Amino acid sequence: MAKLVCVKCGEEVTVPVHCGREMHQEGDQLVCWMGAACGHQSLPSHCGHVMEYKP
C-alpha cells in the first residue's frame, strides 16, 4: 500500500481512498483512479512540509 511520508520527521500515513481505491499522485495533487473530475485534493503537509507520496 502507498504511504504519505513526512520528509522532516518520517511520520507515515496511509493514502486516502476514493471510489474504493487508493488515490494516486498527479503533480501536487492526490487524484481518484477515475480522474481528477471525480475527486482530488492537495498533498497534505506535516512539520511545515508537503508530504511525499511513496508507492
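What follows is a set of questions and answers on the labels used for this structure.

Mentor: This is a predicted model, where local features need pLDDT of at least 70 and side-chain atom pairs count only at pLDDT 80 or more, while totals for chains, interfaces and linings use all residues. Residues are numbered from 1 along each chain as its sequence is written, and side-chain values use heavy atoms, with hydrogens and water left out.

Trainee: Why is Val31 called buried?
Mentor: Look at the cut-offs: buried means under 20% relative accessible area, exposed means over 50%, and partly exposed is in between (1.4 Å probe, protein chains only). Val31 has a relative accessible area of 2%, so Val31 is buried.

Trainee: What does Val31 touch?
Mentor: Leave out residues up to four places away in sequence. Val31 then touches Met23, His24, Glu26, Ala36, Gly39 and His40. Contact means heavy atoms within 4.5 Å.

Trainee: Where does Val31 sit?
Mentor: Val31 has its place in strand β6. Strands are DSSP runs of E, at least two residues long, numbered from the N terminus. In β6, Val31 is the bridge partner of His24.

Trainee: How do you know that β5 and β6 pair?
Mentor: Two strands pair if DSSP finds at least two bridges between them. Three bridges join β5 to β6 (residues 29-31), so the two strands pair, and they run antiparallel.

Trainee: What holds paired strands together in general?
Mentor: Strands of a sheet pair through backbone hydrogen bonds, either parallel or antiparallel.

Trainee: What is the strand order in the sheet with β6?
Mentor: The order is β5-β6-β7, an open sheet of three strands with antiparallel pairing. Strands β5 (24-26) and β7 (40-42) each have a single partner strand, so they stand at the edges, and one side of each is left without a neighbour in the sheet. Neighbouring strands here are turned by 35 degrees against each other on average, direction ignored. The axes behind that angle are lines fitted to C-alpha atoms.

Trainee: And what about Gln29?
Mentor: Gln29 is in strand β6 as well. Leaving aside neighbours within four places in sequence, Gln29 is in contact with His24, His40, Gln41, Ser42 and Leu43. Gln29 and Cys9 are 20 residues apart along the chain, and their C-alpha atoms are separated by 21 Å.

Trainee: What makes β2 and β10 edge strands?
Mentor: Start with the order β2-β1-β10, an open sheet of three strands with antiparallel pairing. Each of β2 (12-14) and β10 (52-54) has a single partner strand, so one side of each is left without a neighbour in the sheet. The twist in this sheet averages 30 degrees from one strand to the next.

Trainee: How many bridges join β1 to β10?
Mentor: Three bridges join strand β1 (residues 3-5) to β10. Among the partners, Val5 has Glu52 in β10.

Trainee: Why is Cys19 called partly exposed, while Gly20 is called exposed?
Mentor: Cys19 has 41% relative accessibility, so Cys19 counts as partly exposed. Gly20 has 68%, so Gly20 counts as exposed. Cys19 is in the loop between β3 (17-18) and β4 (21-22), and Gly20 is found in the loop between β3 and β4.

Trainee: Which residues make up the largest nonpolar core?
Mentor: Eight residues: Ala2, Leu4, Cys6, Val15, Met23, Leu30, Leu43 and Met51. A nonpolar core is a set of buried Ala, Val, Leu, Ile, Met, Phe, Trp, Tyr and Cys residues joined through side-chain atoms within 4.5 Å.

Trainee: How do you know that Arg21 sits over the ring of Trp33?
Mentor: The rule asks for NZ of Lys or CZ of Arg within 6 Å of the ring centre and within 35 degrees of the ring normal. The charged end of Arg21 is 3.8 Å from the centre of the Trp33 ring, and it sits over that ring.

Conventions
Helices (H or I, at least four residues) and strands (E, at least two) are DSSP runs, numbered from the N terminus. Axes are lines fitted to C-alpha atoms, for helices over the stretch in contact, and angles run from 0 to 180 degrees between N-to-C directions.
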